[in-house]
Amino acid sequence: MSRRRRDPGLVRAYVMTGGVLRPSRELGLVTLLVAREAPVQGLAPEPRRVLGVCSRHGALSVAEVAAHLDLPPSVVTILASALLDSGHLAVPVPDAGAPDIDVLREVLRGLRQLV
Amino acid sequence: MGSANLSEVAYLPDTVTRSVKLLVAGPFGVGKTTFVGSVSEIRPLRTEEPITKASVGVDDLAGLPAKTSTTVAMDFGRRTFGGVALYLFGTPGQHRFLPMWDELARGALGALVLVDTRRLDHCDEILSAVEKRGLPYTVAVNEFEGARRYPAQEIREALDLAPTTPLTVCDARDQSSSAKALIVLVEHLTTRREMLA
């Protein structure tokens with residue numbers, strides 16, 4: 001009787017995060033990420049790929065990083081959290097801590113220009 | 001598995017520091033990806049998450065003997081307005097992915113529910129899924145060519161919509177029309193917030 005195999009997709013995800021199962025931070029699919037200048041020596045290949053697609057000059061969301069690298073968002077969340085912890089990535093800081101309603105109003109103004 | 005083709009990556013302008021997530025929900029085949037593509041400034045992207053029937057992500061890997069797995073795919077697009085990036089996520093329409101909505105709804109400010117008047121009965125479980133997560137929403141009828149037009153009141157009754165839930169029509173292939181449907185949603189969201197403030 002052969003042992004039933006674990007799902008290869010999930011095993012792959014586990015290996016890519018270096019065995020880390022949970023992210024160290026609360027990141028969402030639309031959390032924005034920018035790269036920072038920091039030495040990349042010693043980074044494993046998967047975090048290096050995440051860092052490689054991020055830029056110092058313009059942000060990408062967690063979901064975009066996942067889509068471009070063909071990685072599950074859950075894996076990118078774990079890898080990006082570690083890269084934020086190590087200072088390789090940063091989350092852009094809004095000029096003023098604008099509440100959601102101001103952000104929605106800005107979206108509304110923009111949408112009206114598309115009509 | 002190669003590296004990303006960086007020439008295809010559209011970075012946000014460095015003036016963008018905020019993001020907003022809205023869901024575009026609706027049954028399979030209702031035109032969600034078309035809608036997202038109409039408004040998006042980038043070619044819509046897709047993420048794929050391997051899941052077990054029991055969980056999302058890799059959380060439950062330890063000690064999983066043989067759970068059946070599948071992949072939940074999400075198409076999304078982006079539109080930049082000033083300092084804000086609006087992200088539109090098409091939710092997977094299939095019934096079996098409804099349990100995944102907890103993750104999808106996390107951080108979303110609201111949902112646009114797209115419906116097709118030829119298959120209104122398919123919309124009940126989508127509306128229930130949105131309501132269950134406490135997401136504010138509006139409904140837009142995607143008017144397919146050749147589909148019969150119904151009076152708004154009949155559609156409201158068929159969907160059992162609350163009188164306070166805005167209902168609109170759109171052509172998901174058209175940017176201006178899709179933007180109008182989103183305006184109804186975002187106005188609904190701002191009004192709710194102003195009332196709560």
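Me: How many bridges join strand 3 of chain B to strand 4 of chain B, and do they run parallel or antiparallel?
Reply: This is a predicted model. In it, seven bridges join strand 3 (residues 69-81) of chain B to strand 4 of chain B, and the two run antiparallel. B:Phe76 stands opposite B:Phe89 in strand 4 of chain B.

Me: What lies between those two strands of the hairpin?
Reply: Two residues. B:Gly82 is in the turn and has a positive phi of about 60°.

Me: Which way does strand 1 of chain B run with strand 4 of chain B, parallel or antiparallel?
Reply: Parallel. Seven bridges join strand 1 (residues 18-25) of chain B to strand 4 of chain B. B:Ser19 stands opposite B:Ala85 there.

Me: How many residues of strand 4 of chain B are buried?
Reply: Seven of its seven residues.

Me: Which ones are on each side?
Reply: B:Val84, B:Leu86, B:Leu88 and B:Gly90 are on one side. B:Ala85, B:Tyr87 and B:Phe89 are on the other. Both faces are covered.

Me: Why two sets?
Reply: In a regular strand, side chains alternate between the two faces of the sheet.

Me: New topic. At what angle do helix 1 and helix 5 of chain B pack?
Reply: About 100°, with their axes 8 Å apart. Angles of 65 to 115 degrees count as roughly perpendicular, so helix 1 of chain B and helix 5 of chain B are roughly perpendicular to each other.

Me: Which residues make the contact?
Reply: Helix 1 of chain B gives B:Phe35, B:Ser38 and B:Val39. Helix 5 of chain B gives B:Gln175, B:Ser178, B:Ala179 and B:Leu182.

Me: What classes are they?
Reply: Four are nonpolar, three are polar and none is charged.

Technical notes. Residues numbered from 1 in each chain as written. Chains lettered and ligands numbered in written order. Predicted model: local features only at pLDDT ≥ 70, side-chain atom pairs only at ≥ 80, totals over all residues. Axes fitted to C-alpha atoms, helices over the stretch in contact; angles between N-to-C directions. Helix = DSSP H or I, 4+ residues; strand = E, 2+ residues; numbered from the N terminus. Parallel < 35°, antiparallel > 145°, perpendicular 65-115°, else oblique. Contact = placed C-beta atoms within 7 Å. Nonpolar A, V, L, I, M, F, W, Y, C, P; charged D, E, K, R; others polar. Buried ≥ 20, exposed ≤ 12 C-beta atoms within 10 Å, placed from the backbone. Pairing = 2+ DSSP bridges.
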